[in-house]
Amino acid sequence: SIQVTAGCDFRQEFTLTNPDLTPKVITGATFKGALSKHAVSVNAIESTSTDPVYNIVPFTTSVVNGEGGVYSIGLTAAQTQVLEEGKYVYNVVLVDVNGYTTEVISGLVFVEKGFASLIT
């Protein structure tokens, strides 16, 4: 699980490994990820039956060390400021150099209101 403090910047690094535990080379790959209150959080006001609009908060992602398999996800203080305290879900997918997508991690995010959210 991930811990996020509302009103603060958030950044976390992850390392992908092969089955033999050597780093997975991710040079040239990109990542996409987001968090939401529920796995399929639909915005009821903006959605239509043929065009659903999802309530997600997208992560900023980057490859930190392509040869070492390290990537990061992040949120700005402005993004975390609007999150209500509680439990969320998140998902991150890798898009390889050939355009194939693979889920690399998913889980829970716990958002807490910290002292920083009171002074910003």
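A short chat about a predicted model follows.

Biologist: What do the numbers rest on?

Modeller: The model is predicted, so local features need pLDDT of at least 70 and side-chain atom pairs pLDDT 80 or more, while totals for chains, interfaces and linings use all residues. Residues are numbered from 1 along each chain as its sequence is written, and side-chain values use heavy atoms, without hydrogens and water.

Biologist: In what order do the strands of the open sheet run?

Modeller: The order is β1-β8-β7-β3-β4, with mixed pairing. Strands are DSSP runs of E, at least two residues, numbered from the N terminus, and two of them pair if DSSP finds at least two bridges between them.

Biologist: Which are the edge strands?

Modeller: β1 (2-6) and β4 (57-58), each pairing on one side only.

Biologist: And how many bridges join β7 to β8?

Modeller: 10, and the two strands run antiparallel. V93, for one, has E103 in β8 as its bridge partner.

Biologist: Switching to aromatics. How many pairs?

Modeller: 3, counting Phe, Tyr and Trp (six-membered) rings with centres within 6.5 Å; planes under 30 degrees apart are stacked, over 60 edge-to-face, the rest tilted. F14 and Y71 are stacked, 5.5 Å centre to centre with 25° between the planes. F14 is in β2 and Y71 in β6, so this pair ties together parts 57 residues apart in sequence.

Biologist: What about F31 and Y71?

Modeller: Also stacked, at 4.1 Å and 10°. Ring pairs link F14, F31 and Y71 into a cluster.

Technical notes:
Helices (H or I, at least four residues) and strands (E, at least two) are DSSP runs, numbered from the N terminus.
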